[in-house]
Amino acid sequence: MINLSTPIQELPKVGAVYVKKLKKFGIKTVQDMLFYFPARYDDFSEIISIKSARQKLGETVCVQGQITEIENTNTFKKYMAMTEAVIQDDNSEIKVIWFNQPYLVKSLKEDDFVCLAGKVSLYKEGIFLNNPSYERINEIGENEELTHTGRIVPVYSETRGVTSRWLRYVIKPLLYRFVEQIQESLPEEIIKKYKFLPIQEAVWQLHFPSTFSHADAAKARFSFEELFLIQLNVLKEKLKLMLKKSPACPMDAALMKKFTDSLPFLLTDSQKKCAFAILKDLEKTAPMSRLLEGDVGSGKTVVAAMAALSIAKNSHQVAFMAPTEILAKQHFKTISDLLKDFDIKVGMLTGKDARITKDGETFEISKKSFNGDLENGQIDVAIGTHSLIQKTVTFKNLALVILDEQHRFGVEQRDYLIKGKKLIPHLLSMTATPIPRTLALTVYGDLDLSLIDEMPKNRKKVKTIIVEPGQRKETHEFIKKEVKEGKGVFVIYPKIESQASKLKEAATKADGDPFSAVSGSFVPQNYGFNSLLSLPVNEVKALKEEYERLSKEVFPDLRITMLYGKMKAPEKERIMLDFKKGEIDILLSTSVVEVGVDVPRATIMMVEGAERFGLSQLHQFRGRVGRSDMQSYCFLFTTDPSMLNRKRLKALVESNNGFELAEKDLEIRGPGSLYGTQQWGIPDMAMQGLTNIFLVEKTRAAAKELLGKDPELKNYPELKERLKQFQTKIHFE
Ligand code: ADP
Ligand code: MG
C-alpha cells in the first residue's frame, strides 16, 4: 500500500536517476514531494484566440488550437535541433517553434489539439510562438484540468535535470491520490482564529492555485506554521533549561566598585546596565542564558570580566571561549591584566599551549598540569577555544561559560553542558553582529538579550570612503603620512591568491610558458613590473601578490606583514602582538581579523574587493579601527561598479550603526544574508516570514499560549510529529 511515507523510488514514474536528484532537495517520500512547494508561478490563466495572440508581439500568451503541421527541421546553426509546427483555431493560425526538443514530434502529432503558452516573437518569415509550454487537450475550449498551460502554473526552483514540468507531472497525480491523507498539523483554534486554509486545501492551492489570492492564502498559512514550529522549538528548549539549576553566585557590590575603579576609563551607562543584569542573573539558581550584544568596540570584554570576577570570588570556575586562537590569546592577556589585582588565577588552553598567570606574571605549563589545576580548582578563569569544553577537560565546579563572538551555543556544546546534569553552568554569549528584532524573537527566542547600545565617550566616528580606482595613489600617500605618526594600518583581502597566479602556476607546470594559459585584458601599470603576468581587469586583489607589490614597490620603507588563517598559531600571535606594540606598520590579512581583535593604535582599515563581504561583515572590519580617541578611516575598494553594490557600500558610508546595517542587508540582499540563516536549513516560507515582525510576534504569542496549556503537546500529536521532523532539519548556531 502506497501512503504518505512511501519512499519515492516505489512510485511508478520515478526512476533511480530521479531518486538521486530529488534526494538533493531533501525529497525522499511521497509526503516530502507534496511539501516541495513552488518558488513562483507563471500566469497562463487567460486563454485567448490565435487571432488576438498575433497582435501581442513580445507578450507571453496562452492559446489553444489544432496542429496542422509538425516536423523537425535543421536550424541554420546545425547544432541546434528545431521543431516547427503550425496550429490553427476557428479563424486564424500561428507558427510554433521549439528548440532542442526533437522528441516532441513523438508526442505531438498532426490533428492533435494543444494548449500552448509562450512568447509571441518575430522571425524572418513572420510571427511565431517561441518555445512555448505545451500540453495536449481534447478539444478547443477545454480548460479543466490543465497542468502546464491555461492556468496559474507552478514554477519550482529547478536543479539540473529536474524540471518544473517534470515536477508538475509527478506531483499532480500524487496530490489527487494522497492529499486526503495529510493530517491537519495546526491546532483547530489557530486555524479558526486566523482563518487559515486547512492543510489539505493549502497544499493543493500552493501547487495549483485557483487564483493568486488562493496562493497567497496558502503561503500565509505555511509561513505561519513554519515560524510557529521554530517558536515551539525554541520555547521548549527554554522550558527544558528551566528544569535545571545553576550555582547561585551572589554579587559583591564593593568588589565590583573596586574593579570599576581600577579601570583606566569610566564604564558607559550601557556597560553598567548590562553588567548589572548579568550579575543579577548569576545570583539565581535559574540558569542564565543570555546574549550580550554590542557593536564592535562597545566594550563587551570588560563586562564579561566582571561576570568572571564575581563567579571566581564565589569560589567557582569560569570557561571563557573564543572562536580562534588569536582571540583566545588576546583575551587571556586582557583578562589577566584586568583581574591582576584581584588574586585570581587565570589560565589559557589552546591547541598546543597552556599558560597560567598569577599576580600579573605569566607561566607556560604543560597541558597535563593545566588539566590538573583545573580539576582541583586552582584555575579560576580558563580561557581557550572550543577545546575547553570536552570530555578530556574536567572542571572542579564550572559555574559560568562565556562564549565570545558567537550568537549562541552550538547544539553539541549546549547538549554537552546540559545533558544528564542537574547542576549546569550559566551561559553568556557575546556577539557584535546585530540581530534584527525578528530574529531575536525567533531563532534567539530562548535567550535573554542585553544590549550595549552606546560607544565609549572618547571615540570619534570612523570616516568611511569608497575609493575610486584612480585615487589609489592618494590613499597610499595618506597611509604613509599616518604611519609616520605611529599609527597602524589594516588591509583586508577577500582571498589569498589570485586566479591569475594560480593559472600561472598551472601553466608553468604544464608547458613552461606562463602566458599561454591566460588571455584577456591586462593592466600592467596597476600591477607592477616584477609580475610575470598581469591581472585581468576585474579581478580583486589577492593577499600574497599585493604583499609582494606593496612591500617592494609602494611602501619599501614601511614594515609590512601578512596574516592569514593557515599560519601557525604562535606566528599569528607574535604578529598580532608586534602590530599592537607598533613594530609592524601595515598588516595585510584575510578576514581572520574580522572578530574581536583589539589594536587601539590602528587608524586605517582598507578593504579590497569590498563587494565580496556582507554589510555586517564590513562593519565588523571597520570596527577594528576607531578604538581610541584618534580619528580613524575605512577605505573601501571595489571591482564591481553595479548599482546594487554601490547602494550597499553607500549604506556603509552613511551609517555607523550595526543594527541599521543589518536591517539594510536584510532589505537589500534578503534574509539569506543574515549570519547563519543559510546554514540553518530554515525552510523558505519561514525565511520570508522572518522579514515580517507582525507575523513573528503572532507566532510567538501563539506558541507561548499553546505551551502554557500543554507543554508536552500531548493533545496535538500531529503538531508534535511535525515538530520532531522539523527539529531534524534545522540547527541554529
Ligand atoms: P568589543 O565589544 O568589540 O569586544 P572590546 O571589549 O574589545 O570591544 O573593547 C574595545 C576597546 O575599548 C578596548 O580597548 C577596551 O579597553 C576599550 N573600552 C572598553 N570600555 C571602555 C569605556 N567605557 N571607555 C573607554 N574605553 C573602553
Ligand atoms: Mg570582543
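Modeller: Two strands pair if DSSP finds at least two bridges between them. Helices (H or I, at least four residues) and strands (E, at least two) are DSSP runs, numbered from the N terminus. The model is predicted: local features need pLDDT of at least 70 and side-chain atom pairs pLDDT 80 or more, while totals for chains, interfaces and linings use all residues. Residues are numbered from 1 along each chain as written, chains are lettered from A and ligands numbered from 1 in the order written, and side-chain values use heavy atoms, without hydrogens and water.

Biologist: How many helices and strands are in the protein chain?

Modeller: The protein chain has 27 helices and 23 strands. Its C-alpha trace spans about 95 × 75 × 45 Å along the principal axes.

Biologist: Sheets next. What is the order in the open sheet of 6 strands?

Modeller: The order is E18-E23-E22-E19-E21-E20, and the pairing is parallel. Strand E18 (463-466) and strand E20 (560-563) are at the edges with a single partner strand each, so one side of each has no neighbour in the sheet. Neighbouring strands here are turned by 20° against each other on average, direction ignored.

Biologist: Which strands do bridges join to E19?

Modeller: Strand E22 (residues 602-607) is joined to E19 by 5 bridges, and the two run parallel. Strand E21 (residues 586-589) also runs parallel to E19, with 4 bridges.

Biologist: Which residues are the bridge partners of Val 489?

Modeller: In E21 the bridge partner of Val 489 is Ile 586, and in E22 it is Ile 604.

Biologist: How many residues of E19 are buried?

Modeller: E19 (residues 488-492) is mostly covered, with 5 of its 5 residues buried. Gly 488, Phe 490 and Ile 492 are on one side, Val 489 and Val 491 on the other, and both faces are covered.

Biologist: Which strands does helix H20 lie across?

Modeller: Helix H20 (residues 569-581) lies across E19, E20, E21 and E22, at about 140° to E20. Angles run from 0 to 180 degrees between N-to-C directions, and axes are lines fitted to C-alpha atoms, for helices over the stretch in contact.

Biologist: And which strands does H21 lie across?

Modeller: H21 lies across E18, E19, E22 and strand E23 (633-636), and runs at about 150° to E22. Helix H21 (residues 615-622) is mostly covered, since 7 of its 8 residues are buried. Among them are Leu 615, Leu 618 and Phe 621, along with His 619, Gln 620 and Arg 622.

Biologist: There is another open sheet. What is the order of its 9 strands?

Modeller: The order is E13-E12-E11-E14-E10-E15-E16-E9-E17, and the pairing is mixed. Strand E13 (361-364) and strand E17 (448-452) are the edge strands, each pairing on one side only. From one strand to the next, the twist averages 20°.

Biologist: How many bridges pair strand E11 with strand E14?

Modeller: E11 (residues 346-349) and E14 (residues 381-384) pair over 4 bridges in the parallel sense. Val 346 is opposite Val 381 in E14.

Biologist: Helices now. At what angle do H5 and H7 pack?

Modeller: Helix H5 (residues 164-178) and helix H7 (residues 199-207) pack at about 160°, and their axes are 11 Å apart. H5 contributes Ile 171, Leu 175 and Tyr 176 to the contact, and H7 contributes Val 203, Trp 204 and His 207.

Biologist: Which residues of H7 are buried?

Modeller: Ile 199, Ala 202, Val 203, Gln 205, Leu 206 and His 207 are the buried residues of H7. Besides H5, these residues pack against helix H2 (30-34), strand E1 (40-43), strand E8 (152-155), helix H8 (212-242) and helix H25 (684-689).

Biologist: Last one. Where is the place of Glu 553?

Modeller: Glu 553 is in helix H19 (residues 543-554). Glu 553 is partly exposed, with a relative accessible area of 32%. Leu 104 is 449 residues from Glu 553 along the chain, and their C-alpha atoms are separated by 64 Å.

Definitions and conventions
Buried < 20%, exposed > 50% of the residue type's maximum accessible area, 1.4 Å probe, protein only. Contact = heavy atoms within 4.5 Å.
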